[in-house]
Amino acid sequence: MKLDFILNGEDVSCQAEAGDRLSEILRDRFSLLGVKSDCRSGHCGLCLVSLNGRTVPACLVPAFRVRGSEVITIEGFEQTDEYSDLREGFRKSGAEPCEFCRGALLLAAASLLEERPRPEAQEILERLSTVFCRCHDPAALVRGVQTAAELRARRMYFRAHR
Amino acid sequence: MLIDEVIVPSTLSETLTALKRNPEAVLCAGGTELFSEESAGRSGPARSLISLHSVPELRHVSRTDHYVEVGSATTLSELLALKEGFLPDPLRDVVRGIGTFAVRNLATLGGNLSCPGRFRDCFPILACMDALAEYRQGTAARWVNLNRLIGTGGTPDIPRGELLTRIRIPLGEWSLGIAHKIGFPRINSRSSSLFVFLARTEKRVLSSIRLIFSGDQAVRSREIEASLVGKKIPLSARETETALGAFAAHCAQAGVPDSSATRFLGLVRRAIGQLNEGAPS
Ligand SMILES: Cc1cc2nc3c(=O)[nH]c(=O)nc-3n(C[C@H](O)[C@H](O)[C@H](O)COP(=O)(O)OP(=O)(O)OC[C@H]3O[C@@H](n4cnc5c(N)ncnc54)[C@H](O)[C@@H]3O)c2cc1C
Ligand code: FES
Ligand code: FES
């Protein structure tokens, strides 16, 4: 089937089998290798993407659901101010995720800040536990997201008062 | 699953027409069960698939004084986003424990209640609440108490060829609501189970009690529940032992493996303990 959709802000199109997974399509057809493909069963959280504004495991999204939708991967998210807040927050707190988890952790954190601009530590841990990373000091991750939340709030404030 | 045709209806009536024309088609709501690695092998005959993700009628949520009605394709995240108090608390707690937030962004309530093979987490809590499910096929519609989905041997008896459209959840305060998951949290495990205990007391008398232990099979005895209604809280040691004895006999009769039965009885004992503790002295 022909898939037309918006990928990282651009109109794109490709051919796929109806049951192909979005994670495979993004990696194989569009070389977006920031989308990892590990467990292919929704468990590891490494393939997170935003689908129509909702963060989902791309390995559980069949091709036919992608038609007419808007997909943002970590490569697209990297172009946003929200990404800069999180990168800076993580850097300041000493939480530097490995290349494998980085994209998914940042997208998971971003989805939380979208819903809860000032999240509690417990909410952050709950959200980030979606990504199967066992190497990080949880306290550093919490500090990283909370620092990003402050940076984001400041940025929003200045934008509103410009 | 090999797919030879995908139908993406945009209204309920289109969905029902598509199902009537393709009674063997696979219904796909969130796809989290259908497309997870274990179930998504590329073998077997190619199937037609009807996707429910673009049908607004199946995502409608409403509330009266007596019940909440939830469209079957409402995602678990959408349920959690409803304002506090909209859904009964014990149900909210169960939904919050399912998968990860990203899985809940896709997974639907209807899909959770329609997984073949084993009962998923929303089933026992909703069955305890005597929730009703509306099934439609062509122009026919019927409401089914979820407890009727417990087939012979306690295994799921999910209607086939019918579309689950809405779930009607009765409202009402429970004095005690316990939902205890056994197994790894957030994992799509074939071996996890859920114990649900709901009790309502009025003036220190048990006016309603419901309990289910479910996974591969669901264990519930309305007779034992009825035998406890009207008893004073706290239950005496003798009343507790009698109830536990009756549950043990029920498990044996239902063919529940010993290890599961022991777990179930332990959880019942603990829940009764909590109920007794909460009773004003
Ligand atoms: C990582 C992961 C973790 C999970 N953790 C849990 C957990 O902790 N607890 C738990 O209970 N489950 C869990 N699950 C299992 C399952 O995915 C969810 O229960 C989910 O709610 C299923 O909903 P869905 O919309 O994705 O269903 P689908 O995959 O779309 O469908 C599931 C089944 O229901 C049928 N169906 C769907 N909608 C309808 C309808 N309206 N009418 C008739 N039939 C229908 C389908 O044909 C299919 O047989 C997990 C899954 C994953 C991938
Ligand atoms: S590859 Fe998608 S969750 Fe693991
Ligand atoms: S950051 Fe990759 S395993 Fe922890």
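Helix α4 of chain A (residues 99-115) runs for 17 residues and spans 26 Å from first to last C-alpha, close to the 24 Å expected at 1.5 Å a residue. That expected span is 1.5 Å times one less than the number of residues, and helices here are DSSP runs (H or I, at least four residues), with strands (E) needing at least two, numbered from the N terminus. This is a predicted model, where local features need pLDDT of at least 70, side-chain atom pairs count only at pLDDT 80 or more, and totals for chains, interfaces and linings use all residues. Residues are numbered from 1 along each chain as its sequence is written, chains are lettered from A and ligands numbered from 1 in the order written, and side-chain values use heavy atoms, leaving out hydrogens and water.

**Helices α4 and α6 of chain A**

- Most of α4(A) is covered, with 13 of its 17 residues buried; buried means under 20% relative accessible area, exposed over 50%, and partly exposed in between (1.4 Å probe, protein chains only).
- Helix α6 of chain A (residues 138-160) has 23 residues and reaches 33 Å between its first and last C-alpha, close to the 33 Å expected at 1.5 Å a residue.
- Buried residues of α6(A) include Ala140(A), Leu141(A), Gly144(A), Val145(A), Ala148(A), Leu151(A), Arg152(A) and Arg155(A).
- An α-helix has 3.6 residues a turn, so residues three or four places apart point the same way.
- The buried residues of α6(A) pack against α3 (81-93), α4 and α5 (121-128) of chain A.

- Chain A splits into domain 1 (2-77) and domain 2 (81-160); domain bounds come from an automatic or database domain assignment.
- The C-alpha centres of domain 1 and domain 2 of chain A sit 22 Å apart.
- Eleven residues of domain 1 of chain A are in contact with 17 of domain 2 of chain A, contact meaning heavy atoms within 4.5 Å.
- About 1,200 Å² is buried between domain 1 and domain 2 of chain A, with carbon and sulfur atoms giving 76% of that; buried area is the accessible area (1.4 Å probe) that two parts lose on being put together, summed over both.
- Leu46(A), Ile74(A) and Phe77(A) supply 48% of the area that domain 1 of chain A buries against domain 2 of chain A, more than any other three residues.
- Between these two domains of chain A there are zero salt bridges, a salt bridge being a side-chain nitrogen of Lys or Arg within 4 Å of a carboxyl oxygen of Asp or Glu.
- One residue pair is in polar contact between domain 1 and domain 2 of chain A (both at pLDDT 80 or more). A polar contact is a pair of N or O atoms within 3.5 Å; within protein, one must be able to donate a hydrogen and the other to accept it, and residues adjacent in sequence count only if both atoms are side-chain atoms.

**Where the domains of chain B meet**

- In chain B the assignment gives domain 1 (3-170) and domain 2 (176-277), with C-alpha centres 26 Å apart.
- Here 28 residues of domain 1 of chain B are in contact with 22 residues of domain 2 of chain B.
- The area buried between domain 1 and domain 2 of chain B is about 2,000 Å², and carbon and sulfur atoms give 48% of it.
- Arg118(B), Pro124(B) and Cys128(B) supply 32% of the area that domain 1 of chain B buries against domain 2 of chain B, more than any other three residues.
- Four salt bridges link domain 1 and domain 2 of chain B.
- Eleven residue pairs are in polar contact between these domains of chain B (both at pLDDT 80 or more).
- The largest share of the domain 1 side of chain B that touches domain 2 of chain B, five residues, comes from α6(B).

**Chain B against chain A**

- Across the two chains, 28 residues of chain B are in contact with 28 residues of chain A.
- Chain B and chain A bury about 2,200 Å² between them, 59% of it from carbon and sulfur atoms.
- There are zero salt bridges between chain B and chain A, and three residue pairs are in polar contact (both at pLDDT 80 or more).
- α4(B) gives the largest share of the chain B side that touches chain A, four residues.

**A look at Arg92(B)**

- Arg92(B) is in helix α3 of chain B and counts as buried because its relative accessibility is 9%.
- A polar atom of the Arg92(B) side chain lies 3.2 Å from the backbone oxygen of Leu80(B).
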